[in-house]
Structures are given as C-alpha cells and as structure tokens.
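The stops below are given in the order in which they may be selected.

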Amino acid sequence: MGSIFDPVQLRTFLAVAQTLSFTQAARRLGVRQSTVSQQVRRLEEAAGRQLFSRDTHSVRLTEDGEAMLGFARTILEAHERAAHWFAGARPRGRLRFGASEDFVLTRLPEVLEGFRRHHPEVDLELTVELSGHLLKRLAAGRLDLVLAKRHPADEPGGGPGPDEPHGRLVWRDRLVWIGAEGTRPDPRRPLPLVLFPPPAVTRARALEVLERHARAWRVTCTSGSLNGLVAATRAGLGVMAHAQGMIPPGLVRLPAGAGLPDLGGIDVVLLHGPGARREGPVRDSAEALADAILAAGDRLHSGWPPLRLASASLDLHSG
C-alpha cells in the first residue's frame with residue numbers, strides 16, 4: 001500500500017464523495033471525467049482499498065471511502081496551511097461572505113472558525129439571508145463569496161441566471177418533505193405549509209410542485225428564520241420542504257405513503273462576486289475560504305452539531 005497520498009487525488013476524491021457524481025466532480029474541478037476516474041483509481045491503488053461502489057446509475061462511498069473522508073480533509077488542510085505559510089503571501093483584508101439561512105445551524109460555524117484560526121489577517125464579515133437575496137447582493141458587488149442553494153442545471157428552470165456566475169458545486173442534495181414525528185397530512189384537506197418568505201428557493205419549488213400536481217395547500221407559518229420554521233413544524237403547524245442532508249433534529253422525512261409529490265434535487269454552490277474574480281487580496285481570501293468549504297462540504301450536510309456560539313469577533317449581518 002502506498003504511504004503517501006497525492007493531494008490532487010485527494011481533492012478529486014472529495015469532489016466525487018460530495019457530489020456523488022464523476023461528471024459533477026469533473027465540472028467542479030475543471031477537468032475531464034476520464035481524468036477524475038483515473039485519479040480516483042490511482043488513489044484506490046495507493047490505499048489498497050475500493051473507495052467507491054459505482055454502477056451506471058449511482059455512486060456511493062464504501063466503508064473504506066467513508067474512512068478516507070476524514071483522512072483526506074486532515075491531509076488537505078495541513079497541505080493548504082503549509083502552502084500558504086511558505087508562499088509568504090498570506091490572505092488578508094476584508095472578505096464579505098454570504099451564507100443561506102439553512103447552513104448557519106449546521107457545521108458551517110466550525111469551518112469558519114477554522115478558517116479564521118488559520119487566516120487571522122482576514123477580516124471575515126458574514127451575512128445571513130435567503131439565497132435569492134444573497135445572489136442580488138453578490139451581483140451588486142456587496143458580497144465577495146456566497147454559499148447558496150440553486151435548482152440543478154439539468155432540471156427545468158435550474159442553473160445560473162443570465163447575469164449569475166456559474167459557481168462551483170459543493171454538493172447535490174434532494175428536497176424532501178419533513179415534519180414532526182407521526183405527521184400524516186390529510187389528503188382531503190389543503191396541505192399546511194411552513195415556509196420561508198419569497199424569494200426562497202425551497203418555497204418556490206414546493207409551491208410549483210404542488211400546483212403542478214393540483215394539490216391544494218395553505219400557508220400556516222412564514223418566517224425568515226430557520227429556527228422559527230423548525231419550531232412551527234415541531235409544533236405540528238405544517239410540513240416543510242427541506243434539503244434531505246440537513247434535516248433539523250426533532251423532524252423527520254415524511255414517508256412515501258404520505259402521498260406528497262417528489263420535490264426534485266437541489267444544488268449547493270459557491271459563487272464569487274465581481275471583486276473576488278479579479279487579481280488581488282479579495283480574490284486570495286475568497287479562494288482560501290472556498291477551498292476550506294469545499295474540503296468540508298460533506299460535513300455540512302451530515303447532521304447538525306451541538307449548538308455553539310460563533311466567536312464574538314466575527315461580524316454578523318442577518319436579514
């Protein structure tokens with residue numbers, strides 16, 4: 001078994017593990033799919049183990065692949081810190097980062113904490129809003145980097161807008177219906193919905209799908225706060241459309257027997273603003289944070305951590 005793992009192969013492995021697609025991993029990395037397959041094969045040879053179970057329809061991590069996730073993140077984080085240290089030019093200055101409401105209560109704070117620890121010269125400013133609002137701020141040059149949800153490009157109405165950067169896919173998930181344990185909507189009555197306000201991606205998808213399937217609905221709670229939506233759903237006021245990989249504690253996915261229509265997929269993407277696409281300190285800082293988020297992408301949708309307060313020195317703007 002090889003004793004040294006190639007960082008390029010590890011990055012490729014993480015991209016496949018997070019997107020569960022060799023095609024999507026190739027798009028993220030800007031290489032051919034054959035290159036991705038070759039690098040994964042070489043990593044599997046170095047490890048002496050099969051890391052993915054794959055067929056013509058799906059890609060899944062094996063038990064050894066799950067173990068490699070943690071090792072890959074640790075090796076790449078150490079590699080990046082060493083590279084930045086010895087390069088001499090460490091990222092610095094103000095970085096305006098926007099994150100969709102859904103991500104703040106996952107493990108994103110841990111990723112941001114690690115970034116600030118390794119890049120103390122970067123003054124990180126966090127804005128928390130709905131994805132639609134973040135994209136408008138990004139286009140207006142008021143944000144440098146955004147982590148947001150978007151409809152997949154291969155679904156109707158999906159992909160980037162005409163003036164929106166393509167971005168990098170962090171992971172692909174599915175939208176599902178969630179509710180309190182034991183929730184069973186009455187098919188004879190309008191479906192009670194707990195929703196983010198417009199222009200939320202999940203709201204638009206839920207209403208579009210219900211209208212297409214001629215399923216009556218009514219809004220029982222609207223809140224711009226995920227905590228507010230979770231509280232209402234736990235109380236039994238209604239059901240939510242939510243990413244399967246980020247289901248909050250105390251809520252469960254409704255079974256197929258609930259009779260609700262399929263909501264389709266959802267992409268989580270990183271988008272750079274105008275300032276972060278030009279050479280300079282903003283771009284360097286944005287790339288460093290993007291690398292940290294991409295390396296930890298699988299951790300952001302693998303369960304909620306215990307509630308922790310972010311550092312007091314992190315500027316937070318919530319809208």
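Select Arg-27, which is found in helix H2, spanning residues 22-29. This is a predicted model. Is Arg-27 buried or exposed? Its relative accessibility is 56%, so Arg-27 counts as exposed, the cut-off for that class being over 50%. From Arg-27, display the C-alpha distance to Ala-15: the two residues are twelve apart along the chain, and their C-alpha atoms are separated by 9.7 Å.

**The whole chain**

Now zoom out and show the chain as a cartoon. Ten helices and twelve strands are present. Of the 319 residues in the chain, 47% are buried. The chain exposes about 15500 Å², and 52% of this area is supplied by carbon and sulfur atoms. Among contacts between residues at least 6 apart in sequence, 76% join residues at least 24 apart.

Next, colour by pLDDT. The average over the chain is 85, and 87% of the residues score at least 70. Select residues 304-319, where pLDDT stays under 50. For this segment the model has 32 contacts beyond four places in sequence. Where pLDDT is low, the predicted coordinates should not be read in detail.

**The nonpolar cores**

Select Phe-97, Leu-108, Leu-147, Val-170, Leu-270, Leu-289 and Ile-293. These are the residues with the most contacts inside the largest nonpolar core, which has 29 residues. Which elements each supply at least two residues of this core? They are strand E3 (93-100), helix H6 (108-118), strand E4 (122-129), strand E5 (145-150), strand E6, strand E11 (265-272) and helix H10 (281-295). H10 gives the most, with six residues. Another core, of 22 residues, lies apart from this one; Ala-15, Leu-43, Ala-72 and Ala-295 are among its members.

**Ser-285 in helix H10**

Stay on helix H10 and select Ser-285, which lies in it. Ser-285 is buried, with a relative accessible area of 0%. Show its surroundings: leaving aside neighbours within four places in sequence, Ser-285 is in contact with Pro-91, Arg-92, Leu-95, Phe-115 and Val-122.

**Val-104 in helix H5**

Move to Val-104, in helix H5. Its relative accessible area of 26% makes Val-104 partly exposed. Not counting residues up to four places away in sequence, Val-104 touches Pro-109 and Val-128. Display the C-alpha distance from Val-104 to Leu-300 as well: the two are 196 residues apart in sequence, and 9.6 Å separates them in space.

**Helix H9 and its cover**

Finally, select helix H9, residues 226-234. Which residues of H9 are buried? They are Leu-226, Leu-229, Val-230, Ala-232 and Thr-233. Look down the axis: these residues cover an arc of only 165°, and therefore lie on the same side of H9.

At the N-terminal end, Ser-225 caps H9, with a side-chain oxygen 3.2 Å from the backbone nitrogen of Asn-227. Just after H9, select Gly-236, which takes a positive phi of about 85°.

Definitions and conventions
Residues numbered from 1 in each chain as written. Predicted model: local features only at pLDDT ≥ 70, side-chain atom pairs only at ≥ 80, totals over all residues. Heavy atoms only, no water. pLDDT = per-residue confidence, 0-100. Contact = heavy atoms within 4.5 Å. Buried < 20%, exposed > 50% of the residue type's maximum accessible area, 1.4 Å probe, protein only. Helix = DSSP H or I, 4+ residues; strand = E, 2+ residues; numbered from the N terminus. Arc of directions from axis to C-beta. Polar contact = N/O pair within 3.5 Å; in protein donor to acceptor, adjacent residues only side chain to side chain. Core = buried A, V, L, I, M, F, W, Y, C linked by side-chain atoms within 4.5 Å. Areas by Shrake-Rupley, 256 points an atom, 1.4 Å probe, with all protein chains shown as cover.
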